[in-house]
Amino acid sequence: IKGNILNGASVRADRGFFRSSDQTIIWSRENNAEFGSVAPGASATLPFSFSTIPLGQGSFRNPEISFSVDVKARRLTETSVPEIVRSTTKSIALVQSDVPLSAFITRSTTDQGPIPPLVNTATEYTVSWHANNSTNAIANTSVSATLPSYITWTGVASPGVTYNPVGGTVTWNAGDFSENQSKTATFQISFSPSISQRGTVPNLVLDQRLTAYDRFTRTTISGTAPTLNTASYKGGEGSGVVAE
């Protein structure tokens, strides 16, 4: 097993011996009695596990781990003459970038309305999205969410954030990220509770989702953030419960 992000201390091999000097796992008849003589058609599964070093240690730019497997044995021919047989294979695991999506409810200086929200009275909130890329350059990053029908889009938003009233979808075209880059976007919403929502904690933002294209692994990556409700704004005890 080779790779500058491999944590050698984490390697575990069932019935195998890990030789850390050259990062090699060995399975042999010394620790597997059935390897002393293998019948025709016989098979075996040899599991092993490992983890990477912690993110931030070593080089995590376009990380990969390679595997080289070598199988060697002596075969007895019909004339009982030993013959060495060998098979090899190689594989590479590419490590995909991780882009956590964080979402918060805040109150900017321009947000108006009572806290806790009151029945039939508009309260404005600011939604903040934060995307933090990790190891690889990514492209076509997009964050989307759905606003419930009782939420009003005010039009106050960061560049690149748009709203489609059909379906109530908010979209942030965040574009490209280099490794370890982060970006933040905000938008404002207004909530006027109905009397039927009195004493409840209504949802404000639903189905928050991020998608992007990992340029190194050439795969689509995704992430989500939890639903935001009136209690997501930490404005004091009971600040999320609709009052009359």
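Two strands are said to pair when DSSP finds at least two bridges between them. Strands themselves are DSSP runs of E at least two residues long, numbered from the N terminus. With that in hand, let's walk through this structure. It is a predicted model, so local features need pLDDT of at least 70 and side-chain atom pairs count only at pLDDT 80 or more, while totals for chains, interfaces and linings use all residues. Residues are numbered from 1 along each chain as its sequence is written, and side-chain values use heavy atoms, with hydrogens and water left out.

Strands β11 (residues 161-164) and β12 (residues 169-177) pair in the antiparallel sense over four bridges.

Now look for an open sheet of four strands, in the order β7-β8-β13-β10, with antiparallel pairing. Its edge strands, β7 (101-106) and β10 (151-157), each pair on one side only. Inside the sheet, β8 (residues 123-132) and β13 (residues 182-191) run antiparallel and are joined by ten bridges. For example, T123 has F191 as its bridge partner in β13.

Which residues have the most contacts inside the largest nonpolar core? They are W129, F187 and I189, in a core of 33 residues. A nonpolar core is a set of buried Ala, Val, Leu, Ile, Met, Phe, Trp, Tyr and Cys residues joined through side-chain atoms within 4.5 Å; buried means under 20% relative accessible area, with a 1.4 Å probe and protein chains only. Among the elements that give two or more residues to this core are β7, β8, β10, β12 and β13. A second, separate core has ten residues, including I5, L6, I25 and F67. Returning to I189, its contacts (heavy atoms within 4.5 Å) beyond four places in sequence include T123, Y125, V127 and L204.

Finally, visit S97, in the loop between β6 (82-94) and β7. Is S97 buried or exposed? S97 is buried, because its relative accessible area is 5%. The side chain of S97 makes a polar contact with the side chain of S134, at 3.3 Å. Such a contact is a pair of N or O atoms within 3.5 Å; within protein, one must be able to donate a hydrogen and the other to accept it, and residues adjacent in sequence count only if both atoms are side-chain atoms. A polar atom of the S97 side chain also lies 3.4 Å from the backbone nitrogen of N136.

Key: Buried < 20%, exposed > 50% of the residue type's maximum accessible area, 1.4 Å probe, protein only.
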